[in-house]
Amino acid sequence: MSKPSPSDTAIPLRIAVLTVSDTRDSSNDTSGDLLVELLEKAGHTLQSRDLVKDDIYQIRAVCSQWIVNPEVQVILITGGTGFSGRDSTPEAISPLLDKEVIGFGEMFRYISLEQVGSSTIQSRAMAGLVNKTLIFCLPGSNNACRTAWDGILLEQLDSRQRPCNFVGLLS
């Protein structure tokens, strides 16, 4: 895998973070906090942040506002990607997408296989592009968020990553 060239200048992205949870609030949203820390450490800007219950329409309402906002280039969603009765993030986001990034979910499950074994098949992590906005749906655990960031997002949201990255699709 090609690493970023140090001679190139990184293009910082404007990223929104949404936590989907029936049990967390702003005082204990550790996965949302972690994503903010990671994106800022990588030189990106937190454009917006929210937390909603695991409800298809609440998820869609927040994401729809961000999708039409030209100041938001990437949306990171943590939570709601499992198989419990209330997990509904993929159902909320899929109808909004212009294109699904099928390889994201495949790669996430491949990377997490080492960490959680066959339980990775229960992850419905997914990603897609809509209105020049990337959306990544991640499981709600800190470990899963770190796995997705370190194993995929850090490089794919870096304009210097070769042979390709997502940054060029966002303008």
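Which element supplies the largest share of the lining of the largest pocket? Helix α4 does, with four residues. The views below set out that pocket and its surroundings.

This is a predicted model, in which local features need pLDDT of at least 70, side-chain atom pairs count only at pLDDT 80 or more, and totals for chains, interfaces and linings use all residues. Residues are numbered from 1 along each chain as its sequence is written, and side-chain values use heavy atoms, leaving out hydrogens and water.

**View 1. The open sheet has six strands.** Their order is β2-β1-β3-β6-β5-β4, with mixed pairing. Helices (H or I, at least four residues) and strands (E, at least two) are DSSP runs, numbered from the N terminus. Two strands pair if DSSP finds at least two bridges between them. The edge strands, β2 (45–52) and β4 (99–100), each pair on one side only. Strand β1 (residues 14–20) runs parallel to β3 (residues 74–78), joined by five bridges. Within that pairing, L18 has I77 as its bridge partner in β3.

**View 2. Strand β6 pairs with β3 and with β5.** Five bridges join β3 to β6, and the two run parallel. Here I77 stands opposite C137. β5 and β6 also share five bridges, but in the antiparallel sense. A127 stands opposite F136 there. In a regular strand the side chains alternate between the two faces of the sheet. Both faces of β6 are covered: T133, I135 and C137 are buried on one side, and L134, F136 and L138 on the other. Buried means under 20% relative accessible area, exposed over 50%, and partly exposed in between (1.4 Å probe, protein chains only).

**View 3. The hairpin of β5 and β6 has two residues between the strands.** Phi is positive at N131, near 50 degrees. K132 has a positive phi of about 60 degrees, although it is not a glycine. Most residues other than glycine have a negative phi, and most peptide bonds are trans. N131 is partly exposed, with a relative accessible area of 46%. Elsewhere, in the segment after α5, lies P163. A cis peptide bond joins R162 to P163, with omega about 15 degrees.

**View 4. The largest nonpolar core holds 29 residues.** Such a core is a set of buried Ala, Val, Leu, Ile, Met, Phe, Trp, Tyr and Cys residues joined through side-chain atoms within 4.5 Å. V74, L76, F104, F136, L153 and L157 touch the most other members. Helix α5 gives the largest share, six residues. V74 touches residues including L13, I15, F136, L157 and L170, not counting residues up to four places away in sequence. Contact means heavy atoms within 4.5 Å. Apart from this core lies another, of 19 residues, among them V62, I67, I75 and I93.

**View 5. The largest pocket has a volume of about 180 Å³.** On a 1 Å grid over the protein atoms alone, a pocket is an open set of points where a 1.4 Å probe fits, with protein on both sides within 12 Å along at least five of seven lines. Lining residues have an atom within 4 Å of a point. Grid points are joined across faces, edges and corners, and the volume is the space filled by probe spheres set on them. The lining has 14 residues, of which F108, V116, S123, P139 and A144 lie nearest the centre. α4 and α5 each supply at least two lining residues.
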